[in-house]
Amino acid sequence: MMPPPSRLLALLTAGNPPPLRRLLQLHGHLLVSGLLSSQSPFGPRLVSAFALTDLASPRPLLHALALLASLPSPPDSASPYNSALRALSLCAHPHLLNRHSLPLYRALLRSGSARPDHLTFPFLLKACARVRERLYSGRVVLAHVTRLGFNSDVFVVNAAMHYWSVCGSIADARRLFDESPVRDVVSWNTLIGGYVRRGLPGEALEVFWRMSEEGTVRPDEVTMIGAVSGCAQLGDMELGKRLHEFVENNGVRCTVRLMNAVMDMYVKCGSLELAKSVFERIDSRTVVSWTTMVVGHARLGTMEDARKLFDEMPERDAFPWNALMAGYVQSKQGKEAIALFHEMQEAKVAPNEITMVNLLSACSQLGALEMGMWVHHYIERHQLSLSVALGTSLVDMYAKCGNIKKAICVFKEVPEKNALTWTAMICGLANHGHADEAIEHFRRMIQLGLQPDEITFIGVLSACCHAGLVEEGREFFSLMHSKYHLKRKMKHYSCMIDLLGRAGHLDEAEKLVNSMPMDPDAVVWGALFFACRMHVNVTLGEKAAMKLVELDPSDSGIYVLLANMYAEANMRKKADKVRAVMRHLGVEKVPGCSCIELNGVVHEFIVKDKSHVETNAIYDCLHEITLQIRHTTKMIDIFATGIV
């Protein structure tokens with residue numbers, strides 16, 4: 001039996017609305033009993049109750065919108081519209097935001113009986129900051145704010161600042177802040193957070209110190225999260241310590257979120273010890289707390305400690321798995337990253353886009369094409385959108401795993417490409433010997449107005465080197481500094497020296513070596529040495545070889561190559577002398593190493609290695625293959641003898 005109307009009304013206006021199932025029963029009762037008449041207060045209250053219950057699910061919100069549209073007469077206040085706009089602004093489903101935000105506001109304007117109030121615009125502007133055509137929709141709404149006289153309301157101004165900081169010009173957000181006659185803590189926090197979000201930590205901290213000096217509004221934990229995050233972007237340890245002291249000395253509430261931000265700041269400033277001291281003082285650690293420490297160890301390359309922390313976590317979502325996987329990738333431990341992904345699958349944790357990017361990076365390191373193709377199929381099967389990051393990782397993986405045709409296909413399919421996507425394609429084409437295509441892509445990238453970086457130039461210089469395009473190489477090497485003001489690194493010099501040397505311009509190559517702003521490394525001297533050997537310039541070759549020996553006296557390769565160069569130049573005595581030096585120093589050739597991928601697992605082998613679990617089966621198989629080869633060779637000899 002349903003309660004009387006007065007009790008129903010109290011139930012609908014309570015702070016916490018009833019659950020959806022109960023609301024649906026109430027809706028049915030109100031319909032049957034005729035309590036949803038044109039003059040009834042039940043309709044608007046029921047709309048608000050539907051909109052405010054179970055924000056994680058779209059179903060109550062859809063009920064609220066449908067009910068609002070079907071009421072016998074429009075509500076006489078903005079309250080139900082505001083409730084629905086609030087739910088939309090918090091909604092996790094973009095298609096609902098795009099479809100309903102502005103139409104709902106238009107319905108409010110057209111209702112004739114209700115008018116937008118000071119609560120309408122904060123919810124509406126928050127929704128506008130998330131819709132697809134957010135710049136257009138937000139500007140329309142802001143024009144209405146001014147027309148309806150709400151541009152001096154602090155709640156509306158704060159919402160407008162947030163909108164500009166997310167979608168438009170941060171300068172417009174600052175203008176609104178400076179012109180606002182009243183500022184509360186949200187005003188300051190919105191501007192500080194906006195600067196941090198835009199990667200302008202200096203401006204964020206300038207606003208924070210101004211807020212502290214003025215003293216009219218006390219910083220709270222949200223203020224400090226913004227300031228500490230800005231410090232993390234700067235990587236300024238001393239400033240970070242000052243901000244931490246400010247928190248402790250000014251009575252700021254040390255919430256877990258704030259302590260997580262402080263830990264993250266210490267990690268990014270390079271002090272894992274200080275981050276650990278904060279971590280140990282947190283009573284109720286969240287997944288973010290643990291993940292931050294995992295990231296800290298991963299950044300330092302202490303992967304055993306990162307793994308130990310990961311295993312101690314009481315609960316894990318996708319983020320700590322991704323953090324540990326990224327650490328393995330950064331430490332060049334691709335096998336461990338792939339093994340961790342298999343563990344993630346066994347734990348039934350759903351991977352996301354970041355997981356796929358990490359996994360593809362691991363495949364790129366190992367040349368694990370089979371696993372990379374599986375990842376690609378997974379992306380397609382689960383209909384993950386081909387974002388810039390995911391598309392770039394796929395292009396890079398296919399190129400590094402040897403399938404340049406597939407890399408080109410994926411590159412063409414990526415809907416949005418940035419400079420990194422083009423760079424991955426250029427480097428892939430260069431490494432596969434497609435020099436003309438690599439240079440063509442580079443020129444196209446420039447035409448599109450994208451800014452090449454140091455890696456882009458490594459790719460295009462490598463392309464020139466592979467194809468012997470000396471003039472083009474000189475052009476790009478010059479462009480790097482003259483037009484794009486990029487600092488040439490060792491790799492750029494080694495590419496250019498290799499290009500000049502292979503083309504026989506040994507004098508120019510030597511001059512470039514001597515003009516380098518840093519000491520040449522083994523790669524640079526090696527490129528010059530190989531060029532000298534190719535063009536039989538023993539004098540310069542000896543000089544390059546001696547530099548290589550100075551850099552690494554234990555490297556057997558350079559002794560062997562130097563001896564071979566002497567032998568090729570009929571300088572037998574010098575060749576024998578080098579071999580004698582090798583014997584005297586006890587220098588041995590480094591054993592070869594190879595790897596093979598089978599069923600998504602990468603196996604490594606070293607010469608005479610017997611550490612693999614299947615060693616006996618492997619050597620039995622090799623023995624069988626050897627016998628087969630001997631038998632085949634014998635049959636060929638018999639067949640050949642018979643013909644003769």
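With a relative accessibility of 31%, Glu508 counts as partly exposed. In this report, buried denotes a relative accessible area under 20%, exposed one over 50%, and partly exposed the range in between, calculated with a 1.4 Å probe on protein chains only. Arg474 is likewise partly exposed, its relative accessible area being 27%. The side chains of Glu508 and Arg474 meet in a salt bridge, with an N to O distance of 2.6 Å. Glu508 belongs to helix H30 (residues 506–515) and Arg474 to helix H28 (residues 470–482), so this pair ties together parts that are 34 residues apart in sequence. A salt bridge here is a side-chain nitrogen of Lys or Arg within 4 Å of a carboxyl oxygen of Asp or Glu. Helices (H or I, at least four residues) and strands (E, at least two) are DSSP runs, numbered from the N terminus.

The model is predicted: local features need pLDDT of at least 70, and side-chain atom pairs count only at pLDDT 80 or more, while totals for chains, interfaces and linings use all residues. Residues are numbered from 1 along each chain as its sequence is written, and side-chain values use heavy atoms, with hydrogens and water left out.

## Salt bridges within helices

Side chains of opposite charge can pair when their charged atoms come close. By the rule stated above, the count comes to 18 salt bridges. One of them joins the side chains of Asp498 and Arg502, at 3.0 Å from N to O. These two residues lie four residues apart in helix H29 (residues 490–502), and Asp498 and Arg502 are thus separated by about one helical turn. Asp498 is buried at 17% relative accessibility, whereas Arg502, at 45%, is partly exposed. Elsewhere, salt bridges with shared partners join Arg174, Asp178, Glu206, Arg210 and Glu214 into one network.

Arg210 is partly exposed, with a relative accessible area of 23%, and Glu214 is partly exposed at 37%.

## Aromatic pairs and charges over rings

A pair of aromatic rings is described by the distance of the centres and the angle of the planes. Rings of Phe, Tyr and Trp (its six-membered ring) pair if their centres lie within 6.5 Å; planes under 30 degrees apart count as stacked, over 60 as edge-to-face and the rest as tilted. The structure holds 16 such aromatic pairs. Among them, Phe310 and Trp321 are edge-to-face, with 4.8 Å centre to centre and 80 degrees between the planes. Phe310 lies in helix H18 (residues 303–312) and Trp321 in helix H19 (residues 318–330), so the contact ties together parts that are eleven residues apart in sequence. Phe310 and Trp321 are both buried.

Phe442 and Phe457 form another edge-to-face pair, at 5.4 Å centre to centre and 65 degrees between the planes. Phe442 is found in helix H26 (residues 435–447) and Phe457 in helix H27 (residues 454–467), so this pair ties together parts that are 15 residues apart in sequence. Phe442 and Phe457 are both buried, and together with Phe476 and Tyr484 they form one aromatic cluster.

A charge sits over a ring if NZ of Lys or CZ of Arg is within 6 Å of the ring centre and within 35 degrees of the ring normal. Arg316 lies over the face of Phe310, at 4.3 Å from the ring centre. Lys417 lies over the face of Phe411, at 5.1 Å from the ring centre.

## Helix H23

Helix H23 (residues 388–400) has 13 residues and reaches 18 Å from its first C-alpha to its last, close to the expected 18 Å at 1.5 Å a residue. The expected span is 1.5 Å times one less than the number of residues. Ten of the 13 residues of H23 are buried, so this helix is largely enclosed by the rest of the structure. The buried residues include Val388, Leu390, Met397 and Tyr398.

The buried residues of H23 pack against helix H21 (353–366), helix H22 (369–381), helix H24 (404–413) and helix H25 (419–431). H23 is followed by Gly402, whose phi is positive, near 100 degrees.

## Thr53 in its loop

Thr53 is found in the loop between helix H3 (42–52) and helix H4 (58–70). Thr53 is buried, with a relative accessible area of 8%. The side chain of Thr53 reaches the backbone oxygen of Pro18 at 3.3 Å. Leaving aside neighbours within four places in sequence, Thr53 is in contact (heavy atoms within 4.5 Å) with Pro17, Pro18, Pro19, Leu20, Leu23 and Pro60.

Definitions and conventions:
A polar contact is a pair of N or O atoms within 3.5 Å; within protein, one must be able to donate a hydrogen and the other to accept it, and residues adjacent in sequence count only if both atoms are side-chain atoms.
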